[in-house]
2 protein chains.
Amino acid sequence: MNKSQWIPIIVLRVIAMASTFVATLLMLTSHDSAKVLGMTFQAKYNNSPTLKYFVIVCIITTVYSLATLFIPPKKSWRPVLVLDVIVTSFLISSFSAAVGVGQLGKQGNSHAGWLPICGQVPKFCHHVSASLIAGFVAVIFYFLLLLFSLNNVLNLVAFKA
Amino acid sequence: MNKSQWIPIIVLRVIAMASTFVATLLMLTSHDSAKVLGMTFQAKYNNSPTLKYFVIVCIITTVYSLATLFIPPKKSWRPVLVLDVIVTSFLISSFSAAVGVGQLGKQGNSHAGWLPICGQVPKFCHHVSASLIAGFVAVIFYFLLLLFSLNNVLNLVAFKA
């Protein structure tokens with residue numbers, strides 16, 4: 001890979017890394033409490049296995065993105081491409097699951113008798129929403145990174161053919 | 001691509017297609033009703049936007065998988081590879097979101113005051129669980145398909161280099 005192919009990849013990776021880092025921070029700092037019928041209840045991200053999964057994947061992705069910035073591009077772009085596919089898949093998976101549960105927190109589901117909780121714990125909901133927006137940015141940039149890397153590889157095949 | 005590269009891709013694609021087809025059928029036929037405090041309530045997949053998203057993606061993936069079986073492999077494997085990345089991403093996304101909501105249906109979330117519903121509507125839950133298992137098989141096989149296609153492309157680069 002030459003410089004014109006490598007620099008956009010670094011830019012995309014840095015933006016994705018910053019997004020997953022921000023998403024992690026926002027989710028880790030999300031807590032709020034509410035009094036319902038005289039009882040205080042705490043809303044925290046680690047009350048939901050799905051939000052915990054999102055945080056774990058965001059942390060791993062941030063560390064992975066940082067590590068790949070120090071890997072020499074010429075030698076190891078093949079394993080990095082395969083690892084990118086795996087990391088992007090987990091990022092999409094954890095983000096989608098968190099959005100699914102976040103949507104329930106915001107709107108509830110009357111058929112299942114699940115009431116929305118955002119009215120009681122608005123601070124928690126704002127943090128989670130902001131974290132999911134950062135997560136969405138990370139998903140988009142990792143997806144673009146993957147398509148760009150794939151395009152480079154396909155061009156290489158076309159060029160060599 | 002030669003025959004030894006193409007046949008495993010067709011096999012993986014047919015298994016993935018069968019899985020998304022089964023997942024769609026199981027989700028579409030999932031319904032149950034329960035009487036709670038004298039009121040009858042219906043449990044259907046289309047009461048949840050997340051499960052609806054899963055069904056829509058499964059239908060699109062089934063049709064796409066079927067269509068790709070009729071595309072001549074030699075000419076169009078490049079756009080198919082990019083489309084595979086997109087389809088796999090949506091499949092992972094919808095499956096993960098559905099699992100996130102399914103887990104809530106099974107175990108509830110005491111912190112949010114969401115009770116599990118599987119005790120009341122077991123038939124519905126069995127169908128959704130079976131559909132998600134079929135969805136998981138589809139995710140695994142589409143993921144393998146992607147890694148296999150990518151491996152073929154990378155070998156092509158190595159071979160031509």
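Visitor: In this predicted model, helices are DSSP runs, H or I, of at least four residues. How far apart do the end C-alpha atoms of residues 77-101 of chain A lie?
Guide: The span is 100% helix and 0% strand. Its end C-alpha atoms lie apart by 36 Å.

Visitor: Which annotation in the UniProt entry covers residues 77-101 of chain A?
Guide: The entry is unreviewed. Residues 6-29 are 96% helix and 0% strand, with end C-alpha atoms 35 Å apart.

Visitor: What should helix α2 of chain A span?
Guide: Helix α2 runs over residues 49-68 of chain A, 20 residues in total. The expected span is 1.5 Å times one less than the number of residues.

Visitor: Which residues of α2(A) are buried?
Guide: Buried means under 20% relative accessible area. The list includes Phe54(A), Val55(A) and Val57(A). Also buried are Thr50(A), Leu51(A), Cys58(A), Thr61(A), Thr62(A), Tyr64(A), Ser65(A) and Thr68(A).

Visitor: By what turn can chain B be laid on chain A, and how are the two copies related?
Guide: The turn is 180°, with a shift of 0.0 Å along the axis and an RMSD of 0.0 Å. The copies are thus related as by a two-fold rotation axis.

Visitor: Which C-alpha in chain B is nearest the axis?
Guide: This C-alpha is 1.9 Å from the axis. It belongs to Ala97(B).

Visitor: Through what do the copies meet?
Guide: Of the interface residues of chain B, 100% are also interface residues in chain A. The copies therefore meet through the same surface.

How values were computed
Residues numbered from 1 in each chain as written. Chains lettered and ligands numbered in written order. Predicted model: local features only at pLDDT ≥ 70, side-chain atom pairs only at ≥ 80, totals over all residues. Heavy atoms only, no water. Least-squares fit on C-alpha atoms with pLDDT ≥ 70 in both. Contact = heavy atoms within 4.5 Å. Helix = DSSP H or I, 4+ residues; strand = E, 2+ residues; numbered from the N terminus. Buried < 20%, exposed > 50% of the residue type's maximum accessible area, 1.4 Å probe, protein only. UniProt positions renumbered as here; feature names shortened; annotations may be inferred.
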